[in-house]
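Dear colleague,

I am handing over the structure we spoke about, and below it you will find a short account of what was found. Please read it with the sequence and the 3D view open beside you.

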Amino acid sequence: MTPTAAEVLMGNFMALVEPAPQESVGDYMASRISVIGMNSLLASQETEMGAAVRVWENEAISAVLSKAGAPLAASTEDLSITALDALNAKLRLALIVVHEAVEAKGDATLDREILTLYQAMADRRMLVLPVMPGS
Amino acid sequence: MTLADQLSTYLGRLWGHPVQVLDLTRIPGGASRETYRFDVDVDGERKGLILRRDPVGSLIDTDRRLEFLAVQSFYGRGVPAPEPVALEMAETELERPFFIMGRIDGGKAASPFTVDAYGVHAATIGEQFFSSLGIIAKADPVGLPISDVAEMPELSACWSKELDYWANVIETDQLHPQPIVWAAIRKLRRNPPPPAQKISVVHGDYRTGNFLHDGEGKIIAILDWEMAHLGDPMEDLGWAIDPLWGHYDPEKVAGMLTRTEALKLWEQTSGLKVDEQALDWWSLFNAVKGQAIWTSSAREYRDSGGKDPVLALSGWYTARRHDKIIADRLASLEGWA
């Protein structure tokens with residue numbers, strides 16, 4: 001999966017804490033700081049929605065797995081991102097296996113349902129950059 | 001010894017003259033190489049150059065010799081490629097492999113994440129952008145420098161060579177299971193495209209942001225040839241019109257022209273026909289390829305201790321956008337097994 005907000009915020013610190021070589025100041029450093037700013041902005045979105053999105057996705061995948069006859073529980077009392085991601089990895093792996101089987105069987109209805117789930121998963125995980133005009 | 005001193009020593013040895021390196025500055029962009037601009041003074045004559053040096057960690061694992069020879073293949077051949085100056089594969093004065101190109105001053109590259117990036121010049125720039133791509137597609141790679149090292153695939157094997165490569169990148173680098181992109185890979189394997197019409201040089205990263213324009217509507221340099229190879233010319237076309245590079249404008253491709261206009265220009269200059277079935281395949285493939293690159297970015301970001309924020313942005317924001325692009329495309333495909 002993509003980096004977590006915690007990893008990115010730690011990375012932002014690491015990217016700034018070491019002094020830049022003389023030849024890397026100027027345009028390069030200005031661009032680097034701009035990207036760090038964008039990453040911080042995205043981290044704010046991920047911090048706000050990250051746990052909720054993972055809980056939703058885990059439950060949605062679990063529901064499809066049940067429908068496909070391969071149940072796997074989505075519940076966890078640990079709502080840390082680390083725990084939710086660990087559960088999410090198990091569920092996603094199971095979903096890949098189930099989807100392959102659905103395709104092999106030619107089950108068009110369940111295939112369509114899984115593809116719709118993919119759209120919803122991608123939608124809910126989207127991060128948004130502000131409108132930035134070209135120069 | 002500073003990098004400028006190292007460069008002076010190298011170029012002095014290469015050219016057999018004392019060389020003074022001036023105003024060496026790292027510049028942004030090109031996440032797969034460290035890129036620097038500098039001047040050289042040789043016997044009182046000053047010239048602007050660009051250094052592209054392999055980084056310790058990289059967004060894309062690419063061969064700098066291929067990149068250099070790709071640039072050489074099109075320099076002075078109707079595509080505004082920069083002048084190739086020197087290639088050094090050994091770990092000599094600069095410690096890592098690198099190459100040097102002529103610098104083209106007075107240009108700017110658009111960020112793909114801006115809106116209306118080209119303003120009133122969008123159509124004019126779009127005409128040059130898709131025409132240049134057509135010229136690259138039309139060229140016979142036999143006899144071009146890149147053919148010295150690039151593998152020449154069979155017409156019918158272009159798709160599988162590329163899909164196998166990028167699927168393997170995802171397999172190797174993924175840190176978390178990715179059901180969306182794996183569904184796309186399976187779909188691509190079940191529904192192969194028609195054989196390539198011809199073998200062309202494929203730029204490999206031909207998109208908005210990878211060229212310089214002068215701000216007055218003229219493209220002055222096509223850059224970032226690091227993923228160049230030989231293959232199906234539809235591959236570049238599919239990447240150039242991928243929605244990720246559309247500057248958030250669903251009515252235009254690459255933020256420049258309508259899809260119809262762009263494809264027509266490409267057909268006119270390439271002498272090839274756009275097969276919509278093939279382009280559908282290469283469009284989905286390119287979203288997979290993008291996801292592979294972003295997957296590697298996320299891996300490299302974590303493995304390198306998070307020091308390069310560009311890798312984070314690529315492995316995070318762009319990865320999620322490509323997941324959305326792939327998921328929407330999978331849901332809309334008709335007639336595919």
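**The sheet in chain B**

Strand β4(B) is joined by 4 bridges to strand β5 (residues 98-102) of chain B, and these two strands run antiparallel. Please keep in mind that this is a predicted model. Within this pair, B:P84 stands opposite B:M101 in β5(B).

Both strands belong to an open sheet of 5 strands in chain B, which follow the order β1-β2-β3-β5-β4 with antiparallel pairing. Because β1 (20-26) and β4 (84-88) of chain B stand at the edges and each have a single partner strand, one side of each is left without a neighbour in the sheet. From one strand to the next, the twist averages 20°. Helix α2 (residues 64-74) of chain B lies across β4 and β5 of chain B, and runs at about 165° to β4(B).

**The core**

The largest nonpolar core has 122 residues, and those with the most contacts inside it are B:L133, B:A184, B:V288 and B:I326. Helix α8 (residues 276-303) of chain B gives the most to this core, namely 12 residues. If you select B:A184, you will find that it touches, among others, B:L284, B:V288 and B:I326, leaving aside residues up to four places away in sequence.

**Two helices in chain A**

Helix α2 (residues 27-67) and helix α4 (residues 108-125) of chain A pack at an angle of about 175°, with their axes 11 Å apart. That angle is over 145°, so α2(A) is roughly antiparallel to α4(A). Their contact has 9 nonpolar, no polar and 5 charged residues, including A:W56 and A:E57 in α2(A) and A:L117 and A:R124 in α4(A).

Best wishes

How values were computed. Residues are numbered from 1 along each chain as its sequence is written. Chains are lettered from A and ligands numbered from 1 in the order in which they are written. This is a predicted model: local features need pLDDT of at least 70, side-chain atom pairs count only at pLDDT 80 or more; totals for chains, interfaces and linings use all residues. A nonpolar core is a set of buried Ala, Val, Leu, Ile, Met, Phe, Trp, Tyr and Cys residues joined through C-beta atoms within 7 Å. A residue is buried if 20 or more other C-beta atoms lie within 10 Å of its own, exposed if 12 or fewer, and partly exposed in between; C-beta atoms are placed from the backbone. Two residues are in contact if their C-beta atoms, placed from the backbone, lie within 7 Å. Two strands pair if DSSP finds at least two bridges between them. Axes are lines fitted to C-alpha atoms, for helices over the stretch in contact, and angles run from 0 to 180 degrees between N-to-C directions. Angles under 35 degrees count as roughly parallel, over 145 as roughly antiparallel, 65 to 115 as roughly perpendicular and the rest as oblique. Ala, Val, Leu, Ile, Met, Phe, Trp, Tyr, Cys and Pro count as nonpolar, Asp, Glu, Lys and Arg as charged, and the others, Gly among them, as polar.
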